[in-house]
Amino acid sequence: MPEAQFNDLIHAPTRLRICGLLRAVNQLDFAVLREGLGISDATLSKHLKTLADAGYIRLDKAASADRQDARRLTWVGLTRKGKDAFDGHMSALRSIAGAID
């Protein structure tokens, strides 16, 4: 289990939700993630870039058999570093919340 450590980068509400959704799966399609969060392509791209620059997520492009054009699907998944950072952040939040009791 990663050490409980508050993470300012992950704590931003949209990035926290992104990491929470990704933690439960191996990877998600960009469009599914965008729809699940109810945000625009540009907003999601901005947050994904921040997470990718930190090494917390991986982005994989793949051809789509369902499309007739050359557009590709973007798959998003947490890296081991991202999982550890998210888990540590959640542990820190639990500790903070427990201190309130």
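Visitor: What makes this an open sheet, and in which order do its three strands lie?

Guide: In this predicted model, the three strands are arranged in the order S1-S3-S2, with antiparallel pairing. Strand S1 (28-29) and strand S2 (57-63) each have a single partner strand, so one side of each is left without a neighbour in the sheet, and these two strands stand at the edges.

Visitor: How do you know that S2 and S3 are paired?

Guide: Two strands count as paired if there are at least two bridges between them, and S2 and strand S3 (residues 72-78) are joined in the antiparallel sense over seven bridges. Within this pairing, Asp-60 has Trp-75 of S3 as its bridge partner, and Ile-57 stands opposite Leu-78 in S3.

Visitor: What makes S1 and S3 a pair as well?

Guide: The requirement is at least two bridges, and two bridges join S1 to S3, the strands running antiparallel; Leu-28 stands opposite Val-76 in S3.

Visitor: Why is S3 called mostly covered?

Guide: A residue is buried if its relative accessible area is under 20%, and five of the seven residues of S3 are buried, so the strand is described as mostly covered.

Visitor: How do you know that the span of H4 is close to the expected one?

Guide: H4 has 13 residues and reaches 18 Å from its first C-alpha to its last, to be set against the 18 Å expected at 1.5 Å a residue. Just after H4, Gly-55 takes a positive phi of about 85 degrees.

Visitor: Which residues touch the most other members of the largest nonpolar core?

Guide: Of its 19 residues, these are Ile-18, Leu-22, Leu-33, Leu-44, Leu-48 and Ile-57. At least two residues of this core come from each of H2, helix H3 (30-37), H4, S3 and helix H5 (80-100). In soluble globular proteins, nonpolar side chains tend to be buried together.

Definitions and conventions: Residues numbered from 1 in each chain as written. Predicted model: local features only at pLDDT ≥ 70, side-chain atom pairs only at ≥ 80, totals over all residues. Heavy atoms only, no water. Helix = DSSP H or I, 4+ residues; strand = E, 2+ residues; numbered from the N terminus. Buried < 20%, exposed > 50% of the residue type's maximum accessible area, 1.4 Å probe, protein only. Core = buried A, V, L, I, M, F, W, Y, C linked by side-chain atoms within 4.5 Å. Expected span 1.5 Å × (residues − 1).
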